[in-house]
Amino acid sequence: MIVYKSPAEIEKMRRAGRIVAGTIRAVLRAVAPGRTTKDLDRVAESYIREQGATPSFLGYGNPPFPASICTSLNDEIVHGIPSPKRVLREGDLLSLDFGAIWEGYHADAAVTVFVGDPPSDEAEKLVRVTREALEAGIAQIRPGGRLSDISHAIEQTALGAGFQVVREYVGHGIGRRLHEDPQIPNYGPPGRGPELRPGLVIAVEPMVNAGGWETVLRADQWTVATADGSLSAHFEHTIAVTEDGHEVLTVLD
Ligand code: MG
């Protein structure tokens with residue numbers, strides 16, 4: 001069941017979104033060779049708590065997620081666990097996923113960056129295309145559109161560049177819960193699923209692999225990686241459907 005949000009609820013989510021965006025900026029300033037993924041987690045948790053908010057991911061799920069952000073390196077797609085043993089190296093592809101709760105409402109966003117320079121033109125293209133896939137999906141969000149218009153635009157962008165989209169993990173509604181209805185696959189034909197209407201708030205999150213779309217779950221029960229060891233990138237925004245289009249609640253600038 002989709003829970004549509006009132007303007008007052010969206011205002012709380014806008015505030016959560018600004019805190020998430022500020023967290024991203026703070027963590028990106030700390031990304032450098034020699035730092036560990038746990039260092040980045042500490043930066044994020046401190047920033048979120050200084051704003052009076054709560055990390056969305058800490059303690060989430062079963063087994064409880066043990067950190068405030070997800071840090072997924074290279075062939076890891078999503079849900080990587082920050083660790084003092086994971087040292088960032090020049091050329092690493094680093095996907096970072098963030099969530100914060102403000103007055104009971106979540107916002108969720110992700111970015112992928114390189115530690116230093118990209119290791120190859122292919123890796124640079126993967127990250128650029130994944131960002132473009134998110135932008136293409138967001139461009140479909142307007143009242144009267146259909147949910148799978150977003151899915152289709154994302155898939156077309158990725159496939160058109162010779163990449164594959166992850167199928168087992170999807171975008172989602174968001175609000176009082178981190179994951180609400182509807183699910184938003186990053187693939188499929190347009191014109192299907194619920195009609196988009198004001199008050200719907202969704203987290204759109206393309207996960208794009210340089211190789212095949214298949215995934216594996218690592219022994220820590222959280223980290224999702226590509227089955228073939230290829231690189232993967234991930235971008236995400238939390239977006240509200242408005243009367244005349246959409247509003248990105250986790251906008252970075
Ligand atoms: Mg999400």
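His172 has a relative accessibility of 3%, and because anything under 20% is called buried, His172 counts as buried. Keep in mind that this is a predicted model.

**The magnesium site**
- Which residues coordinate the magnesium ion? They are Asp108 (OD), His172 (NE2), Glu205 (OE) and Glu236 (OE), at 2.1 to 2.4 Å.
- Along the chain, the donors of the magnesium ion follow the spacing D-x63-H-x32-E-x30-E.
- His172 belongs to strand E7 (residues 171–173), while Glu236 lies in the loop between strand E13 (232–234) and strand E14 (237–242). This pair links distant parts of the chain, 64 residues apart.
- Glu236 is buried too, with a relative accessible area of 1%.

**The nonpolar cores**
- In soluble globular proteins, nonpolar side chains tend to be buried together.
- The largest nonpolar core in this model has 51 residues. Those with the most contacts inside it are Leu40, Leu94, Leu96, Phe98, Ile141, Ile150 and Val204.
- Helix H3 gives the most to this core, with 7 residues.
- There is also a second, separate core of 14 residues, which includes Ile10, Met13, Phe57 and Ala240.
- Leaving aside neighbours within four places in sequence, the contacts of Leu94 include Val31, Leu40, Leu73, Leu88 and Val115.

**Helix H3**
- Helix H3 covers residues 121–138, and at 1.5 Å a residue its 18 residues should span 26 Å. The C-alpha atoms at its ends are 26 Å apart, which agrees.
- Which residues of H3 are buried? They are Ala123, Leu126, Val127, Val129, Thr130, Ala133, Leu134, Gly137 and Ile138.
- A handy rule for reading such a list: an α-helix has 3.6 residues a turn, so residues three or four places apart point the same way.

**Rings and charges**
- The count comes to 1 aromatic pair. Phe65 and Trp222 form it edge-to-face, with 5.2 Å from centre to centre and 85° between the planes.
- Phe65 sits in the loop between strand E1 (54–55) and strand E2 (69–73), and Trp222 in the loop between strand E11 (215–217) and strand E12 (224–226), so the pair ties together parts 157 residues apart in sequence.
- Both Phe65 and Trp222 are buried.
- Arg15 lies over the face of Trp102, at 4.2 Å from the ring centre.
- Arg167 has its charged end over the ring of Trp213, 5.7 Å from the centre of that ring.

Key: Residues numbered from 1 in each chain as written. Predicted model: local features only at pLDDT ≥ 70, side-chain atom pairs only at ≥ 80, totals over all residues. Heavy atoms only, no water. Phe/Tyr/Trp six-rings, centres within 6.5 Å; stacked < 30°, edge-to-face > 60°. Helix = DSSP H or I, 4+ residues; strand = E, 2+ residues; numbered from the N terminus. Buried < 20%, exposed > 50% of the residue type's maximum accessible area, 1.4 Å probe, protein only. Lys NZ or Arg CZ within 6 Å of the ring centre and 35° of its normal. Expected span 1.5 Å × (residues − 1). Donors = N, O, S within 2.8 Å, 3.2 Å for Na, K, Ca; no water. Core = buried A, V, L, I, M, F, W, Y, C linked by side-chain atoms within 4.5 Å. Contact = heavy atoms within 4.5 Å.
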